[in-house]
Amino acid sequence: MTVTAVRKDPQNLRMTLDAEFDAPPERVWQLWSDPRQLERWWGPPTYPATVTSHDLRVGGRVEYHMTGPEGDQPKGYWQIVEAQPPTRLVFKDGFANADGTPNTDMPLNEARITIREIGSGRTKMSIESIFPDAAAMEQVLAMGMEQGLKQAVGQIDAILAEDAVTPAR
């Protein structure tokens with residue numbers, strides 16, 4: 001399995017997911033930088049994502065919605081704070097209203113992604129979520145964030161496996 005650990009640290013308002021892949025850091029970065037690849041894993045299988053705007057530059061924004069089994073389409077966005085391909089991405093991660101504006105009734109957390117080579121063509125990716133307060137952390141975890149993120153990242157191995165069977169052009 002891709003996910004190697006999930007650590008929740010309520011005192012420091014953090015949840016960190018670690019995953020390892022049989023791919024170099026540049027390839028793992030593409031999973032974030034290519035909106036079509038991002039759609040294939042961002043969101044658990046029962047809530048696949050559709051990316052409608054994708055700008056990973058500092059100050060840029062990524063907008064998406066997920067489509068649930070009942071046809072509901074919750075929206076979200078990332079406001080890019082830092083982007084250092086292929087090793088680091090930091091963004092404010094928020095919920096959006098139907099019109100795409102930030103939903104201020106829901107918490108805004110910070111996501112810090114680090115990607116580093118761990119040898120033999122393997123890469124470790126960490127997704128650290130930092131919450132503004134304990135209530136926000138509890139609210140998002142109660143919504144299923146941990147399980148959803150584990151399921152989402154768990155889809156990456158299948159995407160990377162396609163690289164091995166796709167003939168070079």
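A: M125 touches L17, D18, A19, F21, V28, W32, I113, T114, I115, V153 and I156, leaving aside residues up to four places away in sequence; contact here means heavy atoms within 4.5 Å. The model is predicted, so local features need pLDDT of at least 70 and side-chain atom pairs count only at pLDDT 80 or more, while totals for chains, interfaces and linings use all residues. Residues are numbered from 1 along each chain as its sequence is written, and side-chain values use heavy atoms, with hydrogens and water left out.

M125 also belongs to the largest nonpolar core, which has 39 residues; M125, W32, W41, W42, W78, I113 and V153 are the members that touch the most others. Such a core is a set of buried Ala, Val, Leu, Ile, Met, Phe, Trp, Tyr and Cys residues joined through side-chain atoms within 4.5 Å. Buried means under 20% relative accessible area, exposed over 50%, and partly exposed in between, with a 1.4 Å probe and protein chains only. In soluble globular proteins, nonpolar side chains tend to be buried together.

Strand 8 covers residues 122-130, and because 7 of its 9 residues are buried, the strand is largely enclosed by the rest of the structure. Strands (E, at least two residues) and helices (H or I, at least four) are DSSP runs, numbered from the N terminus.

Strand 8 has pairing partners, where two strands pair if DSSP finds at least two bridges between them. Strand 2 (residues 14-21) runs antiparallel to strand 8 and is joined to it by 8 bridges; within this pairing, D18 stands opposite S126. Strand 7 (residues 109-119) is also antiparallel to strand 8, with 9 bridges between them, and here E117 stands opposite T123.

Strand 7 and strand 8 form a hairpin with 2 residues between them. S120, in the loop between these strands, has a positive phi of about 55° although it is not a glycine. Most residues other than glycine have a negative phi, and most peptide bonds are trans. S120 counts as exposed because its relative accessibility is 77%.

A second residue with a positive phi is L13, where the angle is near 60°. L13 lies in the loop between strand 1 (3-9) and strand 2, and strand 2 is the strand that pairs with strand 8 through 8 bridges.
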